[in-house]
Amino acid sequence: DVLPSPEEPPPAVSITEIRQYLRAQGIPFHDGYSCLHTPSLFAGGREEPAAAGGPYTLFIDKTTGSFLCTATLAEGTWQDFQANVELRHRGVPPAGSEEAEEDVRRAREDARCIWERALPLWELLDEDETRNTKAMFGISLLTDATLKRFGVRYLRAAKSLVFPWFSPRDATLKGLKLLRVEKKGDVIRYVEETLPRFDSYRNLFGLPLVGRRDTELVLTGWELDALALQQATGVASLALPRGATSLPPVLLPYLEQFKRITLWLGEDLRSWEAAKLFARKLSLKRCSLVRPGNLQPRPLEALNQGLNLTKILRTALPASHKSIVSFRQLREEVFGELVNTEQVAGVKWARFPELNKLLKGHRRGELTVFTGPTGSGKTTFISEYALDLCMQGVCTLWGSFEINNVRLAKIMLTQFAGRRLEDQLELYDEWADRFEDLPLYFMTFHGQQNIKTVIDTMQHAVYMYDITHVVVDNLQFMMGHEHVSVDR
């Protein structure tokens, strides 16, 4: 496969079936927010799971049935879990978590080398350099104590801040994120790079600093925001690895201990939409959201402007809305829509100004149908159109029933690179690496399909990868040509 594709969804399992199975097997469990908690099958290789009084370190996702043991980092599907229970009954010790693949192992080795070359920010040779570096990243107000606490370093050669990712189990270095600043005129752009790559980068930055007794948490979309929040409010603060782009379900077990989670992901409407989406995964009843606005920018910006971050956290809105609301409760939201008309119109296409005039932008929950005769360029255009959004962080799922994924990926990679790679094969790896970092997934169907299977796959992808844009090419193919009834 050219890119990670959401495999066909595993056989669906309901939360009722999971509970019944655990009871039938005599495995104690208790109900969490997004997961069921049970004693680990993997800890210590014992034949029986730990007694009910022991720590419950195995978490089963209520939506998918996938499990993660935070003590051993063993993980797998619901079917894997059942297989391990069967093996335990036969006295076979369960398999531990698999050793990292070669690529990931090499990436971790590279990360370790970079980490050793990077210097703690407060140990740069002279004060001027420290001052200028902090100013460049807009972190002049962050104290050395805060930077030290989170273990932030600076890599001179790459002019990058280095954020470590330590294993929550044994505090070994698992990976890094590098952040550098690019200036074009007055516009400042932050460029991130992660080792290992994003698909195996499962970091909640700041996790080792969270105490067992902490019950309140602020989730941010950026490492520097987590630093600012922790310094200004003292509340446990974590940063999501891909910001407002996605919240991978595999991270949910680490968030189960918190009774209250405030999502403060950024300062634009897309962060606000993402926060509402993530709150559903985390369980609405414990989540509050900080609404972006002029007086509530992202945490680092708020710190730099001298705003009171504790006060902003207090104004966070509960995520769970009752079924009936009054205008008074909607008043602020309506105002927000009027102030941010441009953002409300959706994500603009960078390369299709005419399309922006027609459609204003890509908004979630809308259906756009493109029609045209065979060979008129629908697929070519739509792959360019979807790529444009995907490069801006819109998580995209492709269902191509007409041409196979390898050909489609080749078209998109060529469009992405803006050159004929068949004439410059030496550049292939460089462009393929960059293309692989896009939040882009393909369904593995071809030809006529049962519509229920397709919808199930889409729902699975939305939960797993936070998909906000689905492309179906084309409807006729998906339905089969005969008897396309009006209903379908």
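Me: Which cysteine sulfur is closest to the sulfur of Cys-390, and at what distance in Å?
Reply: This is a predicted model, in which local features need pLDDT of at least 70, side-chain atom pairs count only at pLDDT 80 or more, and totals for chains, interfaces and linings use all residues. Residues are numbered from 1 along each chain as its sequence is written, and side-chain values use heavy atoms, with hydrogens and water left out. A disulfide requires a pair of cysteine sulfur atoms within 2.5 Å, and the separation here is too far for a bond. The closest cysteine sulfur belongs to Cys-395, at 7.4 Å.

Me: How many disulfides does a search of the whole structure find?
Reply: The sulfur of Cys-390 is too far from its closest cysteine sulfur for a bond. Across the whole structure, the number of disulfides found is zero.

Me: Is Cys-390 buried or exposed?
Reply: Buried means under 20% relative accessible area, exposed over 50%, and partly exposed in between (1.4 Å probe, protein chains only). Cys-390 has 2% relative accessibility, so this residue counts as buried.

Me: How many bridges join strand 8 to strand 9?
Reply: Strands (E, at least two residues) are DSSP runs numbered from the N terminus, and two of them pair if DSSP finds at least two bridges between them. Strand 8 covers residues 160-166 and strand 9 covers residues 173-184, running antiparallel. Leu-161 has Leu-179 as its bridge partner in strand 9. The number of bridges is seven.

Me: Which residue takes a positive phi in the hairpin of strand 9 and strand 10?
Reply: Strand 9 pairs with strand 10 (residues 187-195) in the antiparallel sense over nine bridges. Their hairpin has two residues between the strands, and the positive phi, near 65°, belongs to Gly-185.

Definitions and conventions. Helix = DSSP H or I, 4+ residues; strand = E, 2+ residues; numbered from the N terminus.
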